[in-house]
Amino acid sequence: MNEKTNLMKGSMMRSILITGTGEAEVRSVSKPVCADGMILVRIEACGICTYEQRIFQGIHKTDYPVVSGHETAGYIEAIGKDVHSEELKVGDRVIVGVTLPCRTCYPCRTGNQQSCRHFSALKQLPGQPCIGSGGFSEYMMVLPQSVFKYYHVSPVEACLAEPLSCVIHSVETADPQFGQTAVVIGAGFMGLLHTLLCVRRGACVIAMDFNEERLELAKKLGACYTLNPGKADAAAEIRRITHGEGADLVFDTTPAAKTVETAFDYIGKLGKIMIYSGIYPNQPIQINPHRIHSDSIQLLGSANSNDRDFVRAAAMISYGLVDMKPFISGIYPAEQAKEALISSCTGKTFRNIITF
Ligand SMILES: [Zn+2]
Ligand SMILES: [Zn+2]
């Protein structure tokens with residue numbers, strides 16, 4: 001039997017609200033009472049992703065306040081009535097994910113929660129004080145399907161399972177094979193996770209970035225080659241490395257529309273180009289449709305992740321197959337959330353984590 005806990009009404013929790021452009025503050029709001037069929041998670045750590053930065057900077061237009069945050073880890077504090085789970089108990093350490101899809105639309109019902117028709121990071125989730133994905137609150141009340149158990153690592157490492165789950169989805173969609181060459185454009189957090197997972201899958205990674213320090217890290221993570229397009233002719237280098245074939249795979253992890261055009265300079269016959277990153281600002285680009293036909297190139301996209309991706313991200317972190325420590329740039333208590341957001345917006349960090 002599950003341990004069921006009914007919490008006292010009237011207690012409070014801390015929520016970090018983004019209240020306007022460049023503004024964030026901690027407020028004391030009502031703590032959710034665990035509803036029937038739900039799980040109440042005490043959030044311990046939440047990463048700051050690009051989406052939160054864009055809300056904070058006013059790039060994503062929205063009504064304020066917003067309680068953002070979608071990279072969360074904590075422990076189960078209460079299990080609601082009618083949760084018929086033999087798998088979960090109070091105190092279990094869990095990553096919270098896949099909270100935004102509706103779970104009833106066609107993509108959701110076919111196991112593709114990452115492509116939910118009603119996916120929105122700006123709806124109000126149950127128990128939250130306002131719109132937003134809710135991870136910047138001390139408590140989240142979620143469906144049992146939205147918690148994923150993890151082991152052995154700290155919450156600040158575990159909360160990065162969400163970005164890892166998205167990269168698992170991307171890499172698995174492109175499906176690198178042993179001995180193939182994969183160009184990973186961008187050696188930020190997402191690019192480095194792509195590098196790491198492609199290496200795990202037996203591909204020869206060519207990591208590309210203007211930042212030498214980040215390229216150094218890519219090398220440590222197993223990239224066979226690193227390439228600074230500011231210093232070398234990237235297309236010529238890739239042709240040289242691949243003995244004239246061009247790359248089997250190109251992953252674009254940068255937000256620049258133009259970069260997708262350059263991916264066509266790197267890709268070889270039967271190659272796959274993955275557009276992983278959200279494109280901002282979004283502009284039309286020129287591509288050569290005949291080349292897609294004649295070289296049998298596949299142009300792919302990937303966004304978000306599903307239950308299955310989360311299960312495996314949690315496992316990879318728990319088993320130490322992916323070490324998140326090199327990507328943690330700063331750990332900030334909730335009271336310093338504004339400083340954490342400002343620091344993230346400099347573009348010089350991998351991940352800043354907020355803790356409760
Ligand atoms: Zn994220
Ligand atoms: Zn859906």
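**Nonpolar patch.** I started with the surface of this predicted model and found a nonpolar patch of about 210 Å², made by Ile285, Ile287 and Leu299. For patches I took residues with over 30% relative accessible area and no salt bridge, joining like charges within 9 Å and nonpolar side chains (Val, Leu, Ile, Met, Phe, Trp, Tyr) within 5 Å. Areas are Shrake-Rupley with a 1.4 Å probe, and for residues only the protein chains shown count as cover. Leu299 sits in strand β13, residues 298-301; helices (H or I, at least four residues) and strands (E, at least two) are DSSP runs numbered from the N terminus.

Residues are numbered from 1 along each chain as its sequence is written, while chains are lettered from A and ligands numbered from 1 in the order in which they are written. Local features need pLDDT of at least 70, side-chain atom pairs count only at pLDDT 80 or more, totals for chains, interfaces and linings use all residues, and side-chain values use heavy atoms, with hydrogens and water left out.

**Salt bridges.** My rule was a side-chain nitrogen of Lys or Arg within 4 Å of a carboxyl oxygen of Asp or Glu. That gave me 23 salt bridges.

I looked up Asp92 and found its side chain bridged to Lys89 at 3.0 Å, N to O. Asp92 counts as buried because its relative accessibility is 8%.

Next I checked Asp295, which bridges to Arg291 with the closest N and O atoms 2.7 Å apart. Asp295 is buried too, at 13% relative accessibility.

Then I went to Arg201 and Asp175, a salt bridge at 2.8 Å, N to O. Arg201 is in the loop between α5 (189-200) and β9 (204-208), and Asp175 in the loop between α4 (161-174) and β8 (181-185), so the pair ties together parts 26 residues apart in sequence. Arg201 is partly exposed at 28%, and Asp175 is partly exposed at 31%. Shared partners join Glu172, Asp175, Arg201, Arg308, Asp309 and Arg312 into one salt-bridge network.

**Strand β15.** I ended on β15 (residues 351-355), where 4 of the 5 residues are buried, so the strand is largely enclosed by the rest of the structure. Strands count as paired if DSSP finds at least two bridges between them. β3 (residues 39-47) pairs with β15 antiparallel over 3 bridges, and Ala45 stands opposite Thr355. β14 (residues 328-333) pairs with β15 in the parallel sense over 5 bridges, with Tyr332 opposite Ile354.

Conventions:
Buried < 20%, exposed > 50% of the residue type's maximum accessible area, 1.4 Å probe, protein only.
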